[in-house]
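Please open the structure in the viewer and keep the selection panel at hand.

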Amino acid sequence: MALRIAQLPVDPPVLLAPMAGITDLPFRRLAVRFGAGLVVSEMVASREVVCAGAEARARAEIGAAEGRTAVQLAGCDPYWMAEAARLVEAQGARIIDINMGCPAKRVTNGWSGSALMREPDRALALIEAVVGAVAVPVTLKMRLGWDEGMLNAPEIARRAEAAGVAMITIHGRTRCQFYTGRADWAAIRPVVEAVSVPVVANGDITGPEEAQAAMAASGAAGVMVGRGAQGRPWLLGQVASALDGRAAPDVPEGEALADLVVAHYEEMLSFYGRDLGLRVARKHLNWYLEAAGLAAHRGPIVTGTDPARVVRALRQAFGAQERAAA
């Protein structure tokens, strides 16, 4: 079971969603290790990555030997979006994804993200500029519409496909819903029926059953997993196995989980440097502990500033869980 983005196969058709401050290179590597078919970088502001900043470029970093990766760009100016696309293509990106789904006010107030769904002509100019700037496939991520009175995803999808977009991901909510209520997977079906390129369903994919239900309701060619993977990078492998009818991979527990979390922690410190790495790692450590039912142990782990002590505390927490299970 696979989908294709232009000539690139995505197998399995289970994608890791772009999440600001989360889907950095260390986390993306874990998701690929557990079986994700494609991972998407954190959203990168187009003008910032061109003019900029080491921080913006780090968000888009894919590593010399990294595969299965798309770099997501956000912006409202076709010139800067095209320049950013050229830059990340030169750095090795195999797929460029355009963000038209972010609902955050700091993004939409600048006419980026899902605000572009209110201005389809502006959105199309931006899409055409990116497609014309690069040789790699360009994909698009958006929502059902701005609000219940503007459910224009099918119209935009048709125009995006005509402009050369090779895959479209739809989050089953409007921008004005943000993340409230439930994603409406059935509302994605009109987009699937409007285009011939693959459509991927996103929103509330928190496990294999939800993934199967989302694909059945939407008719989508694949699913994109977001917040459900926080503290559970193996979730994408579980979803992929369920869609393929294979046995689910083992979920790491006890010492094996401790090894995974410690390795992820140490890679974050290496990637960001000690001070920034400690701050970035806190949310990931908290999610791991919550997912494992070890939230009571998070105090010294999440707030710790001595990496050696944090590692010892992690091993003690997961070791205690393993002993209790025995």
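Begin with cysteine 176, which is partly exposed at a relative accessible area of 39% (buried is under 20%, exposed over 50%, partly exposed in between, with a 1.4 Å probe and protein chains only). This is a predicted model, in which local features need pLDDT of at least 70 and side-chain atom pairs count only at pLDDT 80 or more, while totals for chains, interfaces and linings use all residues. Residues are numbered from 1 along each chain as its sequence is written, and side-chain values use heavy atoms, with hydrogens and water left out.

Select cysteine 102 next; this residue is buried, at 14% relative accessibility. Its sulfur lies 13 Å from the closest cysteine sulfur, that of cysteine 176, which is too far for a bond. The whole structure contains zero disulfides (a disulfide being a pair of cysteine sulfur atoms within 2.5 Å).

Now select Ala17, Pro18, Met19, Lys141 and Tyr179, which lie nearest the centre of the largest pocket among its 27 lining residues. On a 1 Å grid over the protein atoms alone, a pocket is an open set of points where a 1.4 Å probe fits, with protein on both sides within 12 Å along at least five of seven lines; lining residues have an atom within 4 Å of a point. The pocket holds about 530 Å³ of space, a volume being the space filled by probe spheres set on the points, joined across faces, edges and corners.

Finish at the second largest pocket, of about 300 Å³. Select Met43, Ala45, Ala74, Arg106 and Val107, the closest to its centre of 17 lining residues.
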